[in-house]
Amino acid sequence: MQRADVVVIGGSAAGLTAAITARRHYPDKSTMIVRREEQVLIPCGIPYIFGTVGSPENDLVGDAVLDTHGIDLLVDEVAVINRDDKTLSTTGGEQVGYDKLVIATGSLPVMPPVPGFDKQNVFAVYKDIALLKEIQATLADCANLVVVGGGFIGVEFADECNKASDMSVTIVEMLPHCLMLAYDDEFCQEAEKLLNERGVKTLTGTKVAEVVGDGQVEGVRLEGGEVLEADAVILGIGATANVELAKNAGLPLGATGGIVVDRGMRTPDDDIFACGDCAEKISFFGGRPCPLKLASIATAEARIAGANLFSTRRENIGTVGVWSTCIGETAFATAGLTESLARERGYCVAVGEAAAPNRHPGGMPGMAELHVKLVFECRSGVLLGGQLMGDKAAGELINAISACVQRKMTAEDIAVFQAGTHPALTASPVAYQFVNAAEAAIAAMR
């Protein structure tokens, strides 16, 4: 029987980060990852396999990091967690003993209850290299692709597939707008406009009723009766926690279907932790159950779990939610609550917006517009969230906004925020969008 002080099930974003963190905090403890994949894909890079990066082999996490940190690896699938004797049984016949166990089994794509999704050339996107190569081969001979779901996965898949070939690509989204769970309407409308300009059709407020075809997909029938031609269908409607292993071990599940954990990422079994997409989450805003599944959340939780294995050192403040994507050269990013979500949750809201070029003067090379929208609680002035659209610097500025949300900074704090600026790198200090959006919100609160 093999044995390690710390055993981590799963080697993707959460599992790898938990193992590295365990080694950093407890260098005298042996650590092993047990994963079923020979090679691990970078989850957020999967849509870009179909355009920008070109192949699954260009989207891999290298195993050299395991040697660097002294982490052992067993490539096998865990079949059973034996909590009584603190061992794992694998499908390959191995027994692995542990002192502390971290479950980081991730998530699985959601399969909608619609007839025909079992037909040939209908693909749910699993983190599997062979499947992704099969999808690539199918799309190479595809004239019409339908993407079901207009969230991040659907939009990124549609844009990348459209960019890489001359096939007709259509997104079908049941909500009034694509990306509606992440952004306010005006941001969603701009994203749809960009997609349409780039050749991606968007059908919103529309449900799929059936996938039609004799064995192999030939079309997608919408709820209103219209049939879209389709040689292939990609499902991008979300993910569900992969918890079968934990459930069979008797660990309780929460309201959103994840493994129940406390703020230290510990399950009701003191020697078992869970993190990433498989773990239940609570919102930073009020502590209610939160269904968000992001690699950034997974790695933050993993750094908490790995640090807390043998003594409590970190606490989860709750899920803030920091998102970003890119359509062409235009970035979209969110941290915390959007205006619509804040109002839906009953907050008294004050909003401030500012837009300006990302260079000063505007004639500097690389100039692009950057639009900032900040949402504050109107009585306390505390920042609830922010959204950005435009220059790709949004991908980093949104992280600064997330830090301000987590530290519960107010509009007044941000109005006197000391920001570094430079003509070739940022907006003018006079027009700096983040600060001016706060000033606009202060004026609205008055």
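Reader: Which residues form one aromatic cluster?

Author: The model is a predicted one. In it, Phe152, Tyr183, Phe187, Trp323 and Phe332 form one aromatic cluster.

Reader: How many aromatic pairs does the rule count?

Author: The count is eight aromatic pairs. One of them joins phenylalanine 152 and tyrosine 183.

Reader: Why is the pair of phenylalanine 152 and tyrosine 183 called edge-to-face?

Author: Two values decide the matter. The ring centres are 6.0 Å apart, and centres within 6.5 Å make a pair. The planes stand at 65°, and an angle over 60 degrees counts as edge-to-face. The pair is therefore an edge-to-face one. The two residues belong to distant parts of the chain, 31 residues apart: phenylalanine 152 is in helix 4 (residues 152-164), and tyrosine 183 is in the loop between strand 12 (168-173) and helix 5 (185-197). Both phenylalanine 152 and tyrosine 183 are buried.

Reader: What makes phenylalanine 417 and phenylalanine 434 an edge-to-face pair?

Author: Their centres are 5.4 Å apart and their planes form an angle of 75°. Because the limits are within 6.5 Å for the centres and over 60 degrees for the planes, the pair is edge-to-face. Phenylalanine 417 lies in the loop between helix 10 (411-415) and helix 11 (433-445), and phenylalanine 434 lies in helix 11, so the pair ties together parts that are 17 residues apart in sequence.

Reader: Why is phenylalanine 417 called partly exposed?

Author: The relative accessibility of phenylalanine 417 is 32%. Buried means under 20% and exposed means over 50%, so phenylalanine 417 counts as partly exposed. Phenylalanine 434, by contrast, has a relative accessible area of 1% and is therefore buried.

Reader: How do you know that the charged end of lysine 29 sits over the ring of phenylalanine 310?

Author: The charged end of lysine 29 is 4.6 Å from the centre of that ring. The distance limit is within 6 Å, and the direction must also be within 35 degrees of the ring normal. The charged end of lysine 29 is listed as sitting over the ring of phenylalanine 310.

Reader: What shows that the buried residues of helix 9 line one face of the helix?

Author: In helix 9, Ala394, Leu397, Ile398, Ile401, Ser402, Cys404 and Val405 are buried. Seen down the axis of helix 9, these buried residues fall within an arc of 160°, so they line one face. An α-helix has 3.6 residues a turn, so residues three or four places apart point the same way. The buried residues of helix 9 pack against strand 22 (322-327), strand 23 (330-336), strand 25 (369-377), strand 26 (383-390) and helix 11.

Reader: Why are cysteine 348 and cysteine 378 called a disulfide?

Author: Their sulfur atoms are 1.6 Å apart. A disulfide requires sulfur atoms within 2.5 Å, so cysteine 348 and cysteine 378 qualify. A search of the whole structure finds one disulfide. With 100° about the S-S bond, the link of cysteine 348 and cysteine 378 is right-handed. Cysteine 348 lies in the loop between helix 8 (339-344) and strand 24 (349-357), and cysteine 378 lies in the loop between strand 25 and strand 26, so the pair ties together parts that are 30 residues apart in sequence. Cysteine 348, at 26%, is partly exposed, and cysteine 378, at 21%, also counts as partly exposed.

Reader: What makes the peptide bond from histidine 360 to proline 361 cis?

Author: The omega of that bond is near 0°, and the bond is cis. Proline 361 lies in the loop between strand 24 and strand 25.

How values were computed:
Residues numbered from 1 in each chain as written. Predicted model: local features only at pLDDT ≥ 70, side-chain atom pairs only at ≥ 80, totals over all residues. Heavy atoms only, no water. Phe/Tyr/Trp six-rings, centres within 6.5 Å; stacked < 30°, edge-to-face > 60°. Helix = DSSP H or I, 4+ residues; strand = E, 2+ residues; numbered from the N terminus. Buried < 20%, exposed > 50% of the residue type's maximum accessible area, 1.4 Å probe, protein only. Arc of directions from axis to C-beta. Contact = heavy atoms within 4.5 Å.
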